[in-house]
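Let's take a walk through a protein together. Keep the sequence and the 3D view side by side as you read.

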Amino acid sequence: MIIIKELTKVFQANDVQTMALNQVDFEVSEGEFVAIMGPSGCGKSTLLNTIGLLEEPTSGQYKFLGHNIFELSEKERTTIRKKNIGFVFQNFNLIDELNIFENVELPLIYLGLPAPERKVKVIDVLEKMEMTHRKKYFPNQLSGGQQQRIAVARALVVNPALLLADEPTGNLDSLHGDDVMNLFINLNDAGTTIVMVTHSARDAEYSTRIVNLFDGQIVSERY
């Protein structure tokens with residue numbers, strides 16, 4: 001599903017260059033659950049954002065679902081991202097002014113789906129998250145764990161081939177964190193490919209493969 005070769009990313013700020021990724025080779029097969037670990041500043045989020053087509057590298061190759069990503073136009077990459085990649089973030093990124101149904105519906109609006117089809121898909125994913133009874137609530141009326149479940153629902157509503165998670169339990173206590181990680185296990189068992197960035201060794205143990213980054217390079221992997 002994901003084939004990355006010699007990926008390098010250099011950030012330029014005034015006269016200072018920072019190498020976030022240094023000749024990274026990385027592959028993910030369909031159905032895997034991969035955790036990326038490493039200290040702050042090691043390149044974890046940069047790698048995840050590159051996989052998610054949010055960041056363009058300085059050099060290297062990236063093939064996703066058979067597409068040579070960096071040979072595509074920005075419009076083509078945006079289309080692939082919207083249809084195939086779901087994102088879950090540490091801060092939930094829900095829109096306070098929208099209720100739960102509307103938050104989950106948003107990616108389908110961006111895809112141009114008609115309202116009746118959107119309703120069916122939203123209700124279906126909320127049922128899977130056991131959150132249908134909260135569909136008219138607003139984010140500030142939910143606990144942190146519930147907000148993260150809604151964030152996962154929003155990521156899954158487009159039925160993505162790949163789910164990317166950046167510190168998904170970072171704002172949760174251990175009980176709600178375990179709830180979210182068990183949710184990821186169930187999603188992975190049902191066939192969703194997951195790549196997760198985490199600083200938590202506890203969370204990483206839920207994955208099927210742990211990749212360790214240090215100074216922008218993969219230094220170890222274990223299954």
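This is a predicted model: local features need pLDDT of at least 70, side-chain atom pairs count only at pLDDT 80 or more; totals for chains, interfaces and linings use all residues.

Start at helix α1, which spans residues 44-51. Is this helix mostly covered or mostly open? It is mostly covered, with 6 of its 8 residues buried. Those buried residues are K44, T46, L47, L48, T50 and I51. After α1 comes L53, which has a positive phi, near 65°.

Now turn to the charged side chains. How many salt bridges does a search of the whole structure find? The search gives 10. In one of them, the side chains of E32 and R209 meet, at 3.0 Å from N to O. E32 sits in the loop between β2 and β3, while R209 belongs to strand β9, so this pair ties together parts that are 177 residues apart in sequence. Both E32 and R209 are buried.

Another salt bridge brings together R149 and D179, at 2.9 Å from N to O. Because R149 lies in helix α5 and D179 in helix α6, the pair ties together parts 30 residues apart in sequence. R149 counts as buried because its relative accessibility is 11%, under the 20% cut-off. D179, at 32%, counts as partly exposed.

A further stop is the salt bridge between E205 and R222, whose closest N and O atoms are 2.5 Å apart. E205 is in the loop between α7 and β9, and R222 is in strand β10, 17 residues apart. E205 is partly exposed at 48% relative accessibility, and R222 is partly exposed at 43%. Finally, salt bridges with shared partners join E32, R209 and E221 into one network.

How values were computed. Residues are numbered from 1 along each chain as its sequence is written. Side-chain values use heavy atoms; hydrogens and water are left out. Buried means under 20% relative accessible area, exposed over 50%, partly exposed in between (1.4 Å probe, protein chains only). Helices (H or I, at least four residues) and strands (E, at least two) are DSSP runs, numbered from the N terminus. A salt bridge is a side-chain nitrogen of Lys or Arg within 4 Å of a carboxyl oxygen of Asp or Glu.
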